[in-house]
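Please keep the sequence and the model in view while reading.

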Amino acid sequence: MKVDIHPGWKKELNAEFEKPYFRDLLNFIKEEYLQNTCFPEGTGIFEAFNRTAFDNVKVVILGQDPYHGPKQAHGLCFSVNESIAIPPSLKNIYKEIENDLGKPVPVSGNLEHWADQGVLLLNAVLTVRAKQAGSHKKKGWETFTDSVIKLISEKKENVVFLLWGDYAKKKGAKIDSSKHLILTSGHPSPLSANRGYWFGNKHFSKTNDYLIKHGKEPINW
């Protein structure tokens, strides 16, 4: 299986691709895609990296694993393809943006326009078997995405990391807070949001304030 990834990321991650765990991971994924229905489609596995080049990363949002329903996942965390119903967590993200910035709630759940502005929409696990959430956990993806986070933390400056929920907080535990902004809150899922752990975090205005302060273009959320 070939890694179809942006040249800038390939340069930075080349050593990672040569490690035994990653080769084993690719062999596992190749077999899974041959024998089962998996998401996203093969060409979309590294879409987060292809949409947001390494040099362009300004914000990182961490998700867990892709949506496992038909035509939902396309390689960007929390995002769904056009014309697909907006999932509950993304609805709550949109509500917080509306509350925070006064922007109307979009009709589309496609977040490609965020990725194109420098928001790396990174799932911890990049693939999943249809209708089986978490089915590709602990196969090597977590090790790979930990390396991606470490790379961004070490090689870039003034990146905003949005860590929503305990899983994301643990995954981002080693980010260098002396050179980056780390914003944490509860997860936007209804269970967490309805308990008061999500709404009112104002992460979107805080992100833009920080980017402007450091001479970067704010995100058009």
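Which residues point one way from β3, and which point the other way? Val119, Leu121 and Asn123 point one way from β3, Leu120 and Leu122 point the other way, and all are buried. Here, buried means under 20% relative accessible area, exposed means over 50%, and partly exposed lies in between, with a 1.4 Å probe and protein chains only.

The model is predicted, so local features need pLDDT of at least 70 and side-chain atom pairs count only at pLDDT 80 or more, while totals for chains, interfaces and linings use all residues. Residues are numbered from 1 along each chain as its sequence is written, and side-chain values use heavy atoms, with hydrogens and water left out.

**Strands**

Helices (H or I, at least four residues) and strands (E, at least two) are DSSP runs, numbered from the N terminus.

Two strands pair if DSSP finds at least two bridges between them. β2 pairs with β3 (residues 119–123) in the parallel sense over 5 bridges. Val59 stands opposite Val119 in β3, and Leu62 has Leu122 in β3 as its bridge partner. β2 also pairs in the parallel sense with β5 (residues 160–164), over 3 bridges; in β5, Phe161 is the bridge partner of Val60.

**Helix α6**

Helix α6 has 15 residues, 141–155, and reaches 21 Å from its first C-alpha to its last, close to the 21 Å expected at 1.5 Å a residue. The expected span is 1.5 Å times one less than the number of residues. Among the buried residues of α6 are Trp141, Phe144, Val148, Ile152 and Ser153.

**Pockets**

A pocket is an open set of points on a 1 Å grid over the protein atoms alone, where a 1.4 Å probe fits, with protein on both sides within 12 Å along at least five of seven lines; lining residues have an atom within 4 Å of a point. Grid points are joined across faces, edges and corners, and a volume is the space filled by probe spheres set on the points.

| Pocket | Volume | Element giving the most lining residues |
|---|---|---|
| Largest | about 360 Å³ | α7, 3 residues |

The largest pocket is lined by 26 residues, and the closest to its centre are Gln64, Asp65, Tyr67, Phe78 and His187. Its lining divides into 14 nonpolar, 9 polar and 3 charged residues. In this division Ala, Val, Leu, Ile, Met, Phe, Trp, Tyr, Cys and Pro count as nonpolar, Asp, Glu, Lys and Arg as charged, and the others, Gly among them, as polar. The lining of the second largest pocket divides into 3 nonpolar, 3 polar and 6 charged residues; including Thr143 and Asp146, as well as Lys170 and Lys171.

**Cysteines**

How many disulfides does the rule count? The count comes to 0 disulfides, a disulfide being a pair of cysteine sulfur atoms within 2.5 Å. The sulfur of Cys38 is 19 Å from the closest cysteine sulfur, in Cys77, and this is too far for a bond. Cys38 counts as buried because its relative accessibility is 8%, and Cys77 counts as buried because its relative accessibility is 0%.
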